Amino acid sequence: MAATFLAKLLITAAVLLPSAVVLCSFPATLTLERAFPTNHGVELNQLRARDRVRHGRMLQQSSSGGGGVINFPVGGTFDPYLVGLYFTSVNLGTPATEFYVQIDTGSDILWVGCNSCNGCPQSTGLKIQLKSFDPKSSPTASLVSCSDQICSLGIQTQDSTCDANDKQCTYAFEYGDGSKTSGYYVSDLLHFDTAGGDQSGTSNSSANIVFGCSTLASGVLQKTDRAVDGIFGFGQQGISVISQLSSQGVAPKVFSHCLKGDDTGGGILVLGEIVDPNIVYSPLVQNQPHYNLNLESISVNGQTLAIDSSVFSTSSNQGTIVDSGTTLAYLAQDAYDPFVNAITSAVPQSVTPVTSQGEQCYIVTSSITGIFPQVNLNFASNASMILRPEDYLLQQNTVNGDEVWCIGIQKNDGQDVTILGDLILKDKIIVYDLANQRIGWTQYDCSTSVNVSTNTSRGTASVNAGSINVTSSACSEPFKLVPISMVAFLVHISVIYIFPFL
């Protein structure tokens with residue numbers, strides 16, 4: 001596994017969290033906090049430094065379906081200057097114990113700190129209570145042996161190793177900044193609410209899963225200011241919780257998100273497929289640890305840029321990655337200058353190009369809409385991702401009342417990797433269809449409801465403007481997503497590193 005982890009930073013922010021209860025069956029709908037409002041005055045060098053830390057933490061190993069839908073609550077904050085974090089809670093063991101874990105789309109395993117963990121934080125600046133997992137206190141827990149099939153799957157993807165002495169399935173991860181975590185795998189119950197159209201209302205369910213029990217944490221992982229209990233990997237390898245639940249017929253092997261790009265932030269994360277007639281799909285590049293796509297060309301105002309196609313080819317150290325944890329976006333070094341030059345050439349004379357701290361910026365006397373060109377990222381299978389000006393520009397400040405906008409897409413100096421981060425992914429439905437090995441997208445107002453379907457043996461459910469319709473003989477009444485409240489909370493003033501994660 002070569003998962004990327006990111007040090008998160010926080011600052012004071014008031015966040016609104018829509019809460020909901022569900023009547024009858026529904027696709028899992030999660031409220032998501034935006035990483036940062038993209039039109040604040042943000043120093044690009046700060047954002048770039050944040051992402052550089054993230055991309056430098058490429059994980060290195062020291063040894064190294066079908067079903068219903070599951071709803072996980074999502075909490076978090078946003079930082080308009082650097083970044084926020086997303087976390088959810090999982091209930092593990094018997095009796096069920098709640099753990100708070102960071103949502104990580106770039107790693108595979110779910111792990112929490114064990115009661116014997118050396119270096120795992122015991123306290124946090126977040127409004128949560130940290131806990132540790134004690135396998136001996138859960139009668140349903142059992143250790144995972146090297147002969148277990150899932151351990152073999154993990155060894156194939158370097159997500160697990162085998163202890164030669166006691167034949168126990170273990171893991172050891174080392175991050176680029178020197179921080180480490182290691183431990184052993186445990187099989188125990190994951191408790192959740194599931195729905196799929198077979199019963200009225202959601203049902204309390206559980207399934208046996210394999211997850212990590214960390215006995216060591218060092219470096220940034222020891223920081224207590226914004227610590228959580230562990231990491232929830234949303235990767236696609238066989239040892240990930242998504243793959244485990246899908247193989248058991250418990251949950252679909254697809255998840256989606258829609259991130260709001262305005263100042264209020266938020267959005268939706270669903271374990272299921274958001275459906276929209278405008279979604280276009282491009283196949284995932286096979287045998288890659290990240291969500292890689294084949295970017296074939298870039299067009300500005302309909303004109304394809306003169307960039308050699310080999311710049312975007314995929315290899316072990318090259319390619320295009322979809323990464324919702326990256327704040328900005330990054331172009332392979334040989335693609336960057338043609339892109340910026342094309343933008344500068346396309347703006348009218350009323351726009352004044354300037355250089356600010358090494359960044360290409362523009363002094364604008366009116367709205368950027370209509371005066372900056374449309375950009376198209378052209379992927380395999382004739383799937384084009386349209387970028388509006390606000391998808392590649394960031395407002396920095398004003399000069400004599402005129403707005404200053406800078407290119408938010410950065411050059412990936414010394415690397416041929418293109419990374420599509422929040423700057424580009426916002427205000428779009430993004431579907432990670434792991435079952436069919438493809439990613440889909442379309443422009444969307446993420447403040448509105450989405451339609452979600454999950455095709456299972458128990459029926460097809462969809463969420464539409466707060467209501468859920470299920471085509472199933474098991475439930476004859478419409479299903480409704482009922483809002484409970486909007487809860488505001490304030491995060492302490494602080495700017496500090498937190499847990500590394502993707």
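Student: How many salt bridges does a search of the whole structure find?

Tutor: Eight. Keep in mind that the model is predicted.

Student: Start with R388. Which residue does R388 bridge to, and how far apart are the closest N and O atoms?

Tutor: One partner is D391. The closest N and O atoms are 3.0 Å apart.

Student: What about R388 and D427? How do their side chains meet?

Tutor: In a salt bridge, 2.9 Å from N to O. R388 is in the loop between β28 (383–387) and β29 (393–399). D427 is in the loop between α5 (422–425) and β33 (428–433). The two are 39 residues apart, and the pair links distant parts of the chain.

Student: D427, then: buried or exposed?

Tutor: Buried. The relative accessibility of D427 is 15%, and under 20% counts as buried.

Student: Moving on. What joins D433 and R438?

Tutor: Their side chains meet in a salt bridge, with 2.9 Å from N to O. D433 is buried at a relative accessible area of 3%. R438 is partly exposed at 26%.

Student: Rings next. How many aromatic pairs does the structure hold?

Tutor: It holds 12. Take F133 and F211. Their ring centres are 5.2 Å apart.

Student: Why is that pair edge-to-face?

Tutor: Because the ring planes of F133 and F211 stand at 80 degrees. The cut-off for edge-to-face is over 60.

Student: Where do F133 and F211 lie?

Tutor: F133 lies in the loop between β9 (110–118) and β10 (142–143). F211 lies in strand β14, residues 203–217. So the pair ties together parts that are 78 residues apart in sequence.

Student: Are F133 and F211 buried or exposed?

Tutor: Both are buried.

Student: Which residues do ring pairs link into a cluster?

Tutor: F232, F234, F255, Y291 and Y432.

Student: Change of topic. Where is G233 found?

Tutor: In strand β15, residues 230–233. G233 is buried, with a relative accessible area of 0%.

Student: What is G233 in contact with, leaving aside its neighbours within four places in sequence?

Tutor: D104, S107, D108, I109, L110 and S240. Look at L110 in particular. G233 and L110 are 123 residues apart in sequence, yet their C-alpha atoms are 5.3 Å apart in space.

Student: Last one, I268. Which strand is it found in?

Tutor: I268 is in strand β17, residues 267–271. Its relative accessibility is 14%, so I268 counts as buried.

Student: How far apart are I268 and C446?

Tutor: In sequence, I268 and C446 are 178 residues apart. In space, they are 7.4 Å apart, C-alpha to C-alpha.

How values were computed:
Residues are numbered from 1 along each chain as its sequence is written. This is a predicted model: local features need pLDDT of at least 70, side-chain atom pairs count only at pLDDT 80 or more; totals for chains, interfaces and linings use all residues. Side-chain values use heavy atoms; hydrogens and water are left out. A salt bridge is a side-chain nitrogen of Lys or Arg within 4 Å of a carboxyl oxygen of Asp or Glu. Helices (H or I, at least four residues) and strands (E, at least two) are DSSP runs, numbered from the N terminus. Buried means under 20% relative accessible area, exposed over 50%, partly exposed in between (1.4 Å probe, protein chains only). Rings of Phe, Tyr and Trp (its six-membered ring) pair if their centres lie within 6.5 Å; planes under 30 degrees apart count as stacked, over 60 as edge-to-face and the rest as tilted. Contact means heavy atoms within 4.5 Å.
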